[in-house]
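Here are a few notes from my pass through the coordinates. Have them open next to you as you read.

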Amino acid sequence: MTTILNTRWQAWLATRAPRERLALQSAAWLLLAALLWSLAIAPAWRTLQAAPARQAALLPQLHQMRAMATEAKALQQSDSARPPAWSERLRTLEATTQRLLKDKAQLSPAGEQVTVILRDAAPGALAQWLQETRVNARLRPIQVQLERSGSAGAWRWQGQLVLGDPSGAGT
């Protein structure tokens with residue numbers, strides 16, 4: 001099939017004047033070069049140009065992931081030891097809550113779970129409180145019902161969390 005097209009192209013081109021043949025061949029090469037540029041070279045070039053900015057944007061995430069991996073390993077190693085008693089976990093939770101959330105949270109222990117009612121908690125303080133609660137008191141959210149209020153830049157959280165030990169350890 002390609003040989004038939006090639007011979008037809010050659011025959012048709014032979015009927016043209018030398019100047020016209022040169023113009024057609026030049027146009028075909030130019031079209032081929034533009035097609036090659038737009039489909040192969042330009043996308044790769046854009047990717048190469050954008051790589052340093054993308055790498056710089058992803059670097060903080062990489063550092064955060066490495067820190068989380070280190071923390072996870074430390075938690076796994078410390079989990080082999082006997083977890084603290086429930087009363088110790090509760091004292092740690094109360095101290096963390098008082099230090100970070102102050103009057104924005106109310107704790108209600110019930111058995112091996114604690115219900116936390118939040119009122120206008122700042123996002124940063126809530127995130128730090130959750131982190132410290134998970135690491136120090138070894139409690140994790142089991143149920144969460146939170147609503148965001150306020151406006152952009154001044155968000156606040158309110159609602160209810162139920163904290164407990166999903167593994168059931170620590171009694």
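1. Start with Arg138, in the loop that links α4 (123-136) to β3 (140-149). Keep in mind that this is a predicted model. Most residues other than glycine have a negative phi. Is Arg138 buried or exposed? Arg138 counts as buried, because its relative accessibility is 14% and the cut-off for buried is under 20%.

2. Lys102 is another one to look at for its backbone. Its phi is near 50°, again positive and again not a glycine. You'll find Lys102 in the loop between α3 (86-100) and β1 (105-110).

3. Next, Asp165, which sits in the segment after β4 (156-164). With a relative accessibility of 15%, Asp165 counts as buried. Which side chain does Asp165 contact? The partner is Arg89: a polar contact of 3.0 Å joins the two side chains.

4. Last, the start of the chain. Met1 lies in the segment before α1 (2-14). Met1 is exposed, because its relative accessible area is 74% and exposed means over 50%. As for distance, Met1 and Ser38 are 37 residues apart in sequence, and their C-alpha atoms are 27 Å apart in space.

Terms used
Residues are numbered from 1 along each chain as its sequence is written. This is a predicted model: local features need pLDDT of at least 70, side-chain atom pairs count only at pLDDT 80 or more; totals for chains, interfaces and linings use all residues. Side-chain values use heavy atoms; hydrogens and water are left out. Helices (H or I, at least four residues) and strands (E, at least two) are DSSP runs, numbered from the N terminus. Buried means under 20% relative accessible area, exposed over 50%, partly exposed in between (1.4 Å probe, protein chains only). A polar contact is a pair of N or O atoms within 3.5 Å; within protein, one must be able to donate a hydrogen and the other to accept it, and residues adjacent in sequence count only if both atoms are side-chain atoms.
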